Amino acid sequence: MTEALREKPRQNFAGLWNISFGFFGIQIGFALQNANMSRVFQTLGSSIDDLPALWVAAPLTGLLVQPIIGHLSDRTWNRLGRRRPYFLTGAILSAIALFLMPLSPAFGAPLLFAAAMLWLLDASLNISMEPFRAFVGDMLRSDQHAAGYAVQTAFIGAGAVVGSIFPWFLEQLGVSNVAADGGIPDTVKWSFWGGGLALFTAVMWTIVTTREYSPEQQAAFAGHEEEASQQPVRALASKSYVGSAIWIAAGVLVVLAVDALGLEKEVLLLGALLAAYGVLSAVGIALAKQGKTANMLSSIVGDFSGMPEVMKRLALVQFFSWSALFIMWINTTPVVTQYVFGSTDTASAAYNEGASWVNVLFTVYNGVAAIAALALLPALARKVGQVLTHSICLTLGAAGFLMFFLVRDATALLIAEVGIGIAWASILAMPYAILASNLPQAKLGIFMGLFNVFIVVPQLLVATVMGSIMQAFFPGEPIWTMLFAAASWLIAALAMLRVKAAIPQESAHA
């Protein structure tokens, strides 16, 4: 291959569109999940205090699925390509979960069935989503990464608008928005079924309209990165087992603390995960010491322990960013229905009116995100750099959460969603643009999957620990979760300022 072919061709707008259009459908699925699952769970009989435990399936599946899919997709090549086989598999399974979810009341244990469908849905969405993150890096040259992730973010916002507004829109057409106790309203049912069809269609568009670069072409584009990309797993052989022992000990301490401190039982899951990672890392190190570095476990453990410095610093930002987001997805419906519309009775008209208004609020923040991704973020990043842009956006989002804590007017909350939407756009674009320009091409999939760990772990903490905190200090008062969310985004904004020193100046201002 000649030197002229060692740089990827520049994509026009149609190319950027085709590369990320599938994410439009994936985000419809996520939006339906985020805006409606608390409503579904409460309708099927769940209390507010049990919501975090039921939601734990979502982040747990992401924690397990994304690193594995990232590792596998880096090493896949067949007739469909490298990432596209996973797009298709995830789309099919997601569509099935969206079709079955509204049928939960027909089963003997409807709440358990709905939780199982949430597990399947989130796992399937992650199977499709994780390769899409790496797909942008695969298909675009480094000077187009920011544009590529901005277009992807715009589709995420647009898909979320469609998914979030579905129930409200159907209600305006006369579809029933209220069901008897234990039933799911028709607006939610038809939204899930229409969303499943839209998701599958959008993902198929990307599969049909794109053609991936072969492994040989990718190797030529990457130059000499391949050797450097193998260093983390090779270095694993020289590591001691002390780190593994610390993880195991931390897990045991968390488990023992559940009874000692009277914590919610969901915290046991957190302890089990900490201990499990300690065991798996010890096994990975042992295999590496035996010279067996080609296995998945050693590769994932080695890459996790050998993350680039910029990724480590962004990890802290992600931790606090996604803590706030998960708080919002779980608690916005209970907060709005209880404090703004004055009802906790899931069968009442007031509760269902408030639940539908949450769909409108989520539509606004996602619509703002779609616009900000193309109109605001690129201009602001050119002026002050990607790092400061992200810090500013997170601060605006924190102000939005603070409004939820202070304001009791439904219409005024639309203003809060503007700040949250700008922050959401930045969360979906800026960290990934920075990473894609500072990670080895051959390992984009696994590093993007591992980066998801710092999205998932805070969600697991919220799902397991937040219930204990709320039960102990603010029982029956979910409004306080919005103050936690505001504080989390302020901490993330400050942590972002540490990232600047870890990245090349040209990446920081790309």
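A salt bridge is a side-chain nitrogen of Lys or Arg within 4 Å of a carboxyl oxygen of Asp or Glu. Side chains of opposite charge can pair when their charged atoms come close. In this structure, Asp74, Arg82, Arg83 and Asp138 are linked in a network of such bridges.

The structure is a predicted model, in which local features need pLDDT of at least 70 and side-chain atom pairs count only at pLDDT 80 or more, while totals for chains, interfaces and linings use all residues. Residues are numbered from 1 along each chain as its sequence is written, and side-chain values use heavy atoms, with hydrogens and water left out.

**Salt bridges**

A search of the whole structure finds 7 salt bridges. Three of them are set out here.

| Pair | Closest N to O distance |
|---|---|
| Arginine 82 and aspartate 138 | 3.3 Å |
| Glutamate 212 and arginine 84 | 3.5 Å |

Helices here are DSSP runs of H or I with at least four residues, numbered from the N terminus. Both arginine 82 and aspartate 138 are buried; buried means under 20% relative accessible area, exposed over 50%, and partly exposed in between, with a 1.4 Å probe and protein chains only.

Glutamate 212 and arginine 84 also link distant parts of the chain, 128 residues apart. Glutamate 212 is in the loop between helix H7 (186–209) and helix H8 (215–222), whereas arginine 84 is in helix H4. Glutamate 212 has a relative accessible area of 7% and is therefore buried. Arginine 84, at 10%, counts as buried too.

Glutamate 309 and arginine 313 are 4 residues apart in helix H14, so about one helical turn separates them. With a relative accessibility of 39%, glutamate 309 counts as partly exposed.

Serine 321 is in helix H14 (residues 309–340). Its relative accessible area is 0%, so serine 321 is buried. Leaving aside residues up to four places away in sequence, serine 321 touches Leu394, Ile427, Trp489 and Ala492; contact means heavy atoms within 4.5 Å.

Leucine 121 is found in helix H5 and is likewise buried, with a relative accessible area of 0%. Again not counting residues up to four places away in sequence, leucine 121 touches Gln33, Ser94, Ala97 and Leu98. Its C-alpha atom is separated by 27 Å from that of alanine 433, 312 residues apart along the chain.

**Helix H6**

Helix H6 covers residues 145–172, and its 28 residues should span 40 Å at 1.5 Å a residue; the end C-alpha atoms are 40 Å apart, which agrees. The expected span is 1.5 Å times one less than the number of residues. H6 bends by about 50° at phenylalanine 166, and proline 167 follows within four residues. The bend is the angle between axes fitted to the seven residues ending at a residue and the seven starting there. Just after H6, glycine 174 takes a positive phi of about 100°.

**A nonpolar patch**

Ile248, Val252, Leu253, Leu256, Val279 and Val283 make a nonpolar surface patch of about 500 Å². Helix H11 (242–261) and helix H12 (267–289) are the elements that give two or more residues to the patch. The largest share, 4 residues, comes from H11. Patches are made of residues with over 30% relative accessible area and no salt bridge, like charges being joined within 9 Å and nonpolar side chains (Val, Leu, Ile, Met, Phe, Trp, Tyr) within 5 Å. Accessible areas come from the Shrake-Rupley method with a 1.4 Å probe, and for residues only the protein chains shown count as cover. Valine 252, in helix H11, has a relative accessible area of 41% and is therefore partly exposed.
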